[in-house]
Amino acid sequence: VDAQTPCPVMNVVSRRLRARLVACRRAFSSETLMKLKQSQADSPVNETKAAETEEDSASKLRKSRVYTTELDMKLEKTNIPCFRIIDEEGQVVKSDYKPSLSVEKMIKIYETMSKLTVMDKIFYDAQRQGRISFFMQHMGEQAALIGSAAALDQEDVVYTQYREAGVYMWRGFDIQQMSHQCYGNVHDYGKGRQMPIHYGSRASNVHTVSSPLATQIPHAAGAAYALKLEGKPNVGIAYFGDGAASEGDFHAALNFAATLECPVIFFCRNNGWAISTPVHEQFRGDGILSRAKGYGMYGYRVDGNDMLAVYEATKEAREYAVEQKKPVLLEAMSYRRSHHSSSDDSSTYRPKDELEWWQNNNNPIDRVRMHLEARGAWDSDKEAAMRQSMKKQVVACLNEAERAPKPPIVDLFTDVYKEMPPRLKEQKAALEEHLAKYPEAYNLGKYAKE
Amino acid sequence: RDEEHCSSQRRKGATPMQRRGLSAVLRTRRLARHVRACSEMRRKTEADVIAAGQGETRSMNLFTAINDALDIALGKDDEVYVFGEDVKFGGVFRCCIGLNEKYGDDRVFNTPLCEQGIIGFAIGAAAIGAKPVAEIQFADYIHPAFDQIVNEAAKYRYRSGNEFNAGGVTIRTPYGAVGHGGHYHSQSPEAFFTHAAGLKVVVPRSPAQAKGLLLSSIFEPDPVLFMEPKWLYRTSVEEVPVGDYRIPLGEAEVIRAGSDVTIVGWGAQLQILAKAADMAMEKDGISCEIIDLRTLTPWDEDTVCRSVEKTGRLVISHEAPQHGGFGAEISSTVQEKCFYHLQAPIQRICGLDTPFPLIYEKLYMPDHLKNYEAIVQSVKDSC
C-alpha cells in the first residue's frame, strides 16, 4: 500500500471520530452547559455530589500523570542509614536520647536476651546428642527479637517465622514450654504434631509457627484488619527474614496492608543470610526497607544489634500504626552468627573471619551489657550468678520435658477438623486394631493413655 | 434380575431392553413407577428445604441466591467480611451486588489483584475470630493461593493443637465449563483440594441448595472451599426460601430414587446426569438413582454405598479430567466397601486428560450421551 494514499479503513474511522467529536461539542455547547448547571443546582444534594465526584475523579487521574520527553533510565542507588542509640561499646551516641525504658525493664530485657543465649547453647547440644530431633538458634539476633517484643502490648497479635523464641519468651512462653514443644510431649500445646521450635500459644497471643516461609506475613495484615474493625487499639506484627521477603506472600501482605489500611508492623530480620544464600544473591535493591516506598508505606531501618534502638523504633512504629491505622515496615540489621539450623554447617559457605568479627566487635548482648555496666546497673558478679542459675534452669526444663510421655494416640486424629469425620473415625479404629495385633513393633508405652 | 443380565450378555445385537427381556407393557409400567417416585422425591426435597426456612419463597437464580446468602450472613454477624477482586461494585458475576452499599467499605471491599494475598489475608482475620468470605474470581486462578489454602488454612487447627484455627475462612469461587471459557475460565480443580486434610469442599447444584450450603459454610468451624457452577449462575432458576436456612455439610442427597444404577455427581453435572437418566428410562427402562454429593470432603460414603448396595451398579461423572479426579476416590471406596454387591465395573465419565480446550469443548465434556452410554453399558456388562 502506498504510504501517500489514505487508508480506506482509516478514513472510515476518522470520519466516525469526527462525527462523534461534533456530537460531543454540540452536547456541551454553552447552552447545554447552562442547562446542566441549572439542573444540578435544582437537583437533590446527592446527585450533585455524584456528578462532582465523577468530575473530580477524572481530573484527579489526569493530574496524577506527569509527562516527560526525556528517556532517562536510572537506578536510584540509596543506602538508608540504620537508626542507633548506643554504639558498639554501649555508649549513647544519640545526643538527644530520652530513654523511655526504665533501668529495671532494660535489665529484664537483658536477662531475657541472656536466657535465650543460654537456652540456644543447651538445646543445640541436646540436638547434637540426639535428644531432640531439630533446633534453630538465635545468636546475633537477641536484641532485635526481645527489644521489639518489649515494645509491644500483650494484646498485639504476633506472627513469627521460626527464629523468634525471644519474642515468645518475653510474652510468657517460657523455657519449660519450649522444652515440651521440642520434645513433642503431652504438655506441648501443639500435641507433638510439629517439628521442634514450631511454638505457638493462645495465652501468649503468638500464632503457631509453620515452616512455609512468608505465609504468616499476609496473616498479620488480615489479623490487623480485623483488629481495626473491632475497634481495638492494637497491631498485628509479622516477623520474617530477609530471605522470606523474596516470597510472593511478602509482596501480597505489604500491598494489602497499604491499600486496606491495616495497623500492622512488618518486622524484617535482615541477618545477611538465608541458609547459604547471601543477601546479594537475594536482592539487588537497598535491602528490604527500600521497598516500603514502592508500597506507599513508612518504615525504619534500625541497627538490630542495638536493643535500645530496636525498642524505640518498634514503639514508635506501633504508636503510628495504632493511631493512623496504617502499616509500617521495620528492617533490623543484624548478623546470623549461628548455623541456619541443626541440619546446617555454615562453615561450608561463609568465611570464619566474618563470623568472628561480628562475635567480637558487634554483639547485641555485649552492647547492652556494656551499656548497663556503664550506668552502674550491672556487674560481673551479677552476670556470673545469672548465667549459673539460667543454665540450671534450662537443663532442668529439658530433663522434665524428656520424662513426660508423648501425647495420646488419639491426638493423631483430632483437630484435623473441629469434629472428627466418619472416615477418620474408621482410620482410627483400623489403627487401634492393628496396634492391638502388633503392640511391640510400635513402642506404645511412650504415649500417654487417653 | 441377575439372571436376566447374565443371559442378556450372551444375546449380543439386541437392544438393551430386548436383552433385558422386558416387554413393552412392563417397560411402560416401570416408567410410570419411576416418574411417580421421582416426583415424590422432588416434592420431599423442596418441602424439607422450605420447612427448614421460613416458608416464604422467592424465585431466584444461582447468583441471586448466593447474593441473598451473603446478605443474610453480613446482616447476622459483624465478623463476616466479603472481599476479593472487583467485589465492591457487585462482582464480575453479580454475586455481591448491593452489598457494599448496604454494609459499607469496611465489610465489603476490593482487594489488590493477588490470590495468595486474598487467602492469606482471610486466614489472618479468621485466626483471630472473624468469618471472612473471600472470593477468587475464577477457580482457574485459585492456584496462586494453593499454598495458603493447603499448607496454612487446612492445617491451622491441627498444627497448633487447636490453640488457633482458620475455621472462619470461606472461599467462594466460580468453577466449571461455561461454553467458551478455554483453559482458564473452565477448570474444575476440586480434586486438588479434596486431597488436603482439614479443608471442606462444597459444590451446590441449584439456587436453593447454594444458599443453604453457603450459609452453612460461612458459619462452619472449618475452612470451606465453596465452588459455584458458573454455568448455572443465570440459567438455574427456582423457588428459594427467603429466610436464613442451612443445609448440613457432609451429607449427600438422593435427588431421584432408582433401582438399576446409581449415578453420582455434583454441581452443574447433575443436570446432565438427570438428562442421561431420563434417556435411559425412556429408551431402555433403566431406573437410575441420582445422588448429588454436595460435599466432596468429607463426603457421604454411607449414602452412596447404601445406594450401590441396592442397585449393584455405579456411574460417577465429573467435568474435571478423569486421572486423579475425585471420581477415582469414590470408585475406589465403593469397590472396597461394596465389592460383593457390585454387578458391573464402576464407570467414570469425566473430562478428558487434557487441558480444557476451547473449540473442542463439546467433545471434551462428559455430556448426557456419554453418560447414557455408560449407564446402558453398566447394565449390559452385569454379571
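In this predicted model, the C-alpha centres of domain 1 and domain 2 of chain A sit 36 Å apart. Domain 1 of chain A runs over residues 103–403, and domain 2 of chain A covers 409–446.

As for how they touch, 27 residues of domain 1 of chain B are in contact with 25 residues of domain 2 of chain B. Putting these two domains of chain B together buries about 2,000 Å², and carbon and sulfur atoms give 57% of that area.

Next comes the meeting of the two chains. Here 45 residues of chain A are in contact with 49 residues of chain B. The area buried between chain A and chain B comes to about 3,800 Å², with 59% of it given by carbon and sulfur atoms. On the chain A side, the residues that lose the most area to chain B are A:His219, A:Phe256 and A:Tyr417, which together make up 18% of what that side buries.

Zooming in on the helices, a pair of values is handy: two packed helices are described by the angle between their axes and the distance between the axes. In chain A, helix H4 (residues 103–128) and helix H7 (residues 175–183) have axes that come within 12 Å and cross at roughly 25 degrees. Angles under 35 degrees count as roughly parallel, so H4(A) and H7(A) are roughly parallel to each other. The crossing of H4(A) past H7(A) is right-handed. H4(A) brings A:Lys115, A:Met119 and A:Phe123 to the contact, while H7(A) brings A:Ile175, A:Met178, A:Ser179 and A:Cys182. Sorted by class, the residues of this contact between H4(A) and H7(A) are five nonpolar, one polar and one charged.

Chain B has a helix pair of its own to look at. Helix H6 (residues 115–127) and helix H7 (residues 146–153) of chain B pack at an angle of about 25 degrees, and their axes are 8 Å apart. That angle makes H6(B) roughly parallel to H7(B). From H6(B), the contact draws on B:Gln116, B:Ile119, B:Gly120 and B:Ile123, and from H7(B) on B:Gln148, B:Ile149, B:Glu152 and B:Ala153.

Methods
Residues are numbered from 1 along each chain as its sequence is written. Chains are lettered from A and ligands numbered from 1 in the order in which they are written. This is a predicted model: local features need pLDDT of at least 70, side-chain atom pairs count only at pLDDT 80 or more; totals for chains, interfaces and linings use all residues. Side-chain values use heavy atoms; hydrogens and water are left out. Axes are lines fitted to C-alpha atoms, for helices over the stretch in contact, and angles run from 0 to 180 degrees between N-to-C directions. Helices (H or I, at least four residues) and strands (E, at least two) are DSSP runs, numbered from the N terminus. Angles under 35 degrees count as roughly parallel, over 145 as roughly antiparallel, 65 to 115 as roughly perpendicular and the rest as oblique. A crossing is left-handed if the near helix is turned anticlockwise from the far one by less than a right angle, and right-handed if clockwise. Contact means heavy atoms within 4.5 Å. Ala, Val, Leu, Ile, Met, Phe, Trp, Tyr, Cys and Pro count as nonpolar, Asp, Glu, Lys and Arg as charged, and the others, Gly among them, as polar. Buried area is the accessible area (1.4 Å probe) that two parts lose on being put together, summed over both. Domain bounds come from an automatic or database domain assignment.
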